[in-house]
Amino acid sequence: MSQSKIKFSCRDVRVAYSGKEALHGIDIEIEDQGVTAFIGPSGCGKSSFLRVFNRMNDTIPGCKVTGIVKMDGEDIYAPTLDPVLLRARVGMVFQKPNPFPKSIYDNVAYGPRIHGLAANKAELDEIVESSLTKAGLWDEVKDRLKDGGTGLSGGQQQRLVIARTIAVSPEVILMDEPASALDPIATAKLEELIDELSKKFCIVIVTHSMAQAARISDRTAFFHMGNLIEYDQTSNIFTNPTDSRTQDYITGRIG
Amino acid sequence: MNSILILICVTLALTAISFVFARQKARRQLAVAAKTIHSQPSYHGWFAGLMSGGLAFLALIVSAFLSLSPLFTIVLMVVLAVLGFFFAMNRIGADFRARTYVEYFIKSILVLCSLIAVFTTIGIIFSLLFESMRFFKEVSFLDFVTGLDWSAQTAFRDDQVGQSGSFGAVPIFAGTFLITLIAVSIAAPIGLMIAIFLSEYASVRAKRIIKPTIEILAGIPTIVYGFFALLTFGPFIRGFAESMGFGIPTQSAFTAGVVMGIMIIPFVSSLSNDVINAVPQSMRDGSYALGATKSETMTKVVFAGALPGIIGAFLLAISRAIGETMIVVLAAGGAANLTANPFESVSTVTFQIVTLLTGDLEFDSPKTLSAFALGLMLFVVTLLLNMIALIIVRRYSAKYE
Amino acid sequence: MSSSPSIHASERALKRLKKRHARERRFKVMGLSAIAIAVMALIWLLYSVIGTGYKAFYTHSFTLDVEMTESVLDPTGARDPDALRKSNYRRIVQNAMYERFPDVTDRKAKKELFDIISTSGAPNHLRQMAYNDPSIIGQSFTITVPTSDDVDQLLKGNIDRDLDESRRKVSDRQIAWVDQLMETGEIKSGFNKGFFVNPDSRDAELAGIATAFLGSLMTLFVTALMAIPVGIGAAIWLDEFAPRNRFVDFIEININNLAAVPSIIFGVLGLAIFINFFGLPRSIPIVGGLVLGLRALPTVIIATRATLMAVPQSIRDGALSIGASHVQAVFHHKLPHAGPGILTGSIIAMAQALGETAPLLMIGMVAFLTEVPNSPTDPATVLPVQIYIWSSNAERAWVEKTSAAIMILLLVLILINGFAIWLRNRLEKRW
């Protein structure tokens, strides 16, 4: 773990919605290897912070991000940086599964198509198959690739979204409470998948479930009221938190 | 007319008088009642008012049908109203549920209001069908829908040669189709692009300015568009064509179609804007997160989701264009040419209805009756388009709820 | 893994990215152009109407000394009003004109001279005066009457003075007289009151919108009286009291469809039912109002239902829970909350009805009327139909009049819609 490189480094990152500040100066470094989890009570700013890394906040009218965010040493908020390119490199999975109103195949092929990742149909088929396989969905859907993506179950939809994301070959996958709309069995499957994916991708996950963070993450950051309170190895956070607020949260006194 | 107005006033006065007296009596009587009362005094008043006013109104209707003299009518009305009044007065008491009856009356009136809309449709269907049947007795339906020659205006009296006229409606349908095609091929892309720009690109402030400006176009009466087509756009197009060396008429399918297209733009844009906005933001987020640009998101994701709704909007726009009247009356030229050349004068269904039904009407000549047959065609086609569009839109909006 | 360069940063990918952004810009430009086309069409339309129409709001009038010669008007001296109606006032005006220009003797020139003034307007003016007060016969006084529309157009600069005489409507002689009269102030320009108070006329300089304006008011009054109460009633029933069954579904579908039926069909309905079946007279505002009322009905119902549905159910439930009857809960609690929205919707529906033309053509409100209607049972026309009637005249003076009538119509519509928007912003609650 110690030889892992820094993927993101943030200095004094603030996020404001229509002038109202939601995050008050976050400094954090996110490592390339493994899973980083953001935890904290709802409204603490963890999801807003996650959207900083692929500049999804740009799509919200009135949202303003200040501070410095570097990915591999490159400022991703530099005016010369293309958010479209950034988002191809930093994928995102949302709270509610949001497959497109298209077939399963077209859902996965969408990203490769717009980015021109496949030279021909055979290559595209290959990308679709390998992405669905990596997302653990291939066996369930290989006979009905032409069916609509919205017809799948919630857990399958979320894995379809993950397949869709990895089809673009990102370096990082951001996950915003990806299991919150799923039942326990689908959640378990998803966690297994995240564990598997963490071998190939840098994963940053926001979760409201401390147990989930404990199970799947290598490092955990605790947010409270727009501030980063504590950031450490997950085992340290859960066994030996230094801040009393972290202590209160993980023991269930706040949140 | 004036006497009816007076009689209606008399009815209202009888109602009011009964109301006042009955309420007064109810107040006195119910004040001493020990238990909770079902109907407040004013309901007893209303009951009395409706009884006497209703009977008076009934008398008014009956005497209008029998054309009785106004004096006799008034006497009849007052007598019945007094009877109704005493009937209601006798009933006043803590046990009488006046409110139930009054509310029953109110609900009946509300039902009647709803039924008027149904009666309107029935009236439209019957009046169109009835006169069309008479028309199709003289001109066969097949000749009407397949005939290539229309010269209804020259069909005159029996003693004239060629009295049967010519009622082949194909040129009329073709003209309607041509103008509709031109109008929709202008309104559909422009309206859709406006809707897309407003929902995906425009800032809140720009939206606040652009939206009402576009809506002004929708608020302008069609006669104004017709006048604009006739006196500004038509001559402009002719002048433009002349400068290019072509001679075209001022009034043509093109002139009418383009101006009609402009008129329908806000219709398309506001309907499409609604369906585009109904596509959940999460769809867009999913696409942006994959590194798609706004236009890619729009054309490949949002559009795919909104397509049924947009088709519905287009169908409604087509229906609107087919039924549009004043622009074609002023700017289409009106010659029943069977042509695909947009720069020729054409005639449409609505144009023919206006020409045939203004001026002297003879309800026994096929000339006048043919307008009803055309009206029936217009009604059926627009009804079908509206039904299909409504079903598509309804099914679509259910999908995202 | 970050050591291996991302496939998204390859040269090919970057080239492609550039193209994608270009496409994005083109797409945005397409959207902007669509808006630009719509806005330019609007500006063009308004410009062409206002640019022509504003000139109709002023006009030129001629102040002339006339002598009401008894021997011409009432040779018998009986002062019989009926006879006075038929007297030759034209001769009086002609004499006055010849008096003003005593040098003009040639027959053709005399005719041209007389044509400077409104040839039916001036005699009619005198006729009306004599009819009101026969004692003016034999007296001399000055009257102010409109010039002919050609002179008016000349003075408004719409007739090219450099054109060959044979190709313009005013002769060289007439131009000379008019210029002279302008200089002396006998012809003056001023506000065109006649445009607002006169009924229609064959002469452009006399035609006004009074018949149409009053006709529109009366028609709209009948429309409102019919469509608004019935529409609100139907909406309340459908929203609150209607059972959920096939028949009610049918009513709802029926209303939605009725809203999209072409307006001309409603005119055909009015013609078949009100005029052909019930035998009501043609051209009267009552029938027009009923036809437009049926046309506006579905619009009012739909707007009212939308407003009623936006009122939270909790308001009605609150009333029910303290023992109000269903009818009381709806009329005392739900309806007042929906009031502003219903009012706005109804006003907008009335604005639409005001702009309708085609259905009224069907019921004959397209007659040429030189009288102002006194009641909704008198023949009348409405503003849009008046515009339609006038639009068939290609002469400049008429185009000007038509454009001005459109300006009035649009102004009224702007005021009505503006009022509705103001009302909505002021009164409407947000839940």
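Colleague: Which residues does Thr382(B) touch, not counting residues up to four places away in sequence?

Modeller: Thr382(B) touches Ser319(B), Ile322(B) and Pro262(C), where contact means heavy atoms within 4.5 Å. This is a predicted model, in which local features need pLDDT of at least 70, side-chain atom pairs count only at pLDDT 80 or more, and totals for chains, interfaces and linings use all residues. Residues are numbered from 1 along each chain as its sequence is written, chains are lettered from A in the order in which they are written, and side-chain values use heavy atoms, with hydrogens and water left out.

Colleague: Why is Thr382(B) called buried?

Modeller: Buried means under 20% relative accessible area, exposed over 50%, and partly exposed in between (1.4 Å probe, protein chains only). Thr382(B) has 0% relative accessibility, so Thr382(B) counts as buried.

Colleague: What makes Cys63(A) buried, and why is Cys9(B) called partly exposed?

Modeller: Cys63(A) has 16% relative accessibility and therefore counts as buried. Cys9(B) has a relative accessible area of 48%, so Cys9(B) is partly exposed.

Colleague: What makes the pair Arg20(C) and Glu296(B) a salt bridge?

Modeller: The term requires a side-chain nitrogen of Lys or Arg within 4 Å of a carboxyl oxygen of Asp or Glu. The side chains of Arg20(C) and Glu296(B) meet at 2.7 Å, N to O. The rule finds one salt bridge across the interface of chain B and chain C, whereas across that of chain C and chain A it finds zero.

Colleague: How much area do chain B and chain C bury between them?

Modeller: About 6,500 Å², 80% of it on carbon and sulfur atoms. Buried area is the accessible area (1.4 Å probe) that two parts lose on being put together, summed over both. The contact joins 79 residues of chain B to 75 residues of chain C.

Colleague: What is the buried area between chain C and chain A?

Modeller: It is about 1,300 Å², with 53% from carbon and sulfur atoms. Chain C gives 11 residues to the contact and chain A gives 21 residues.
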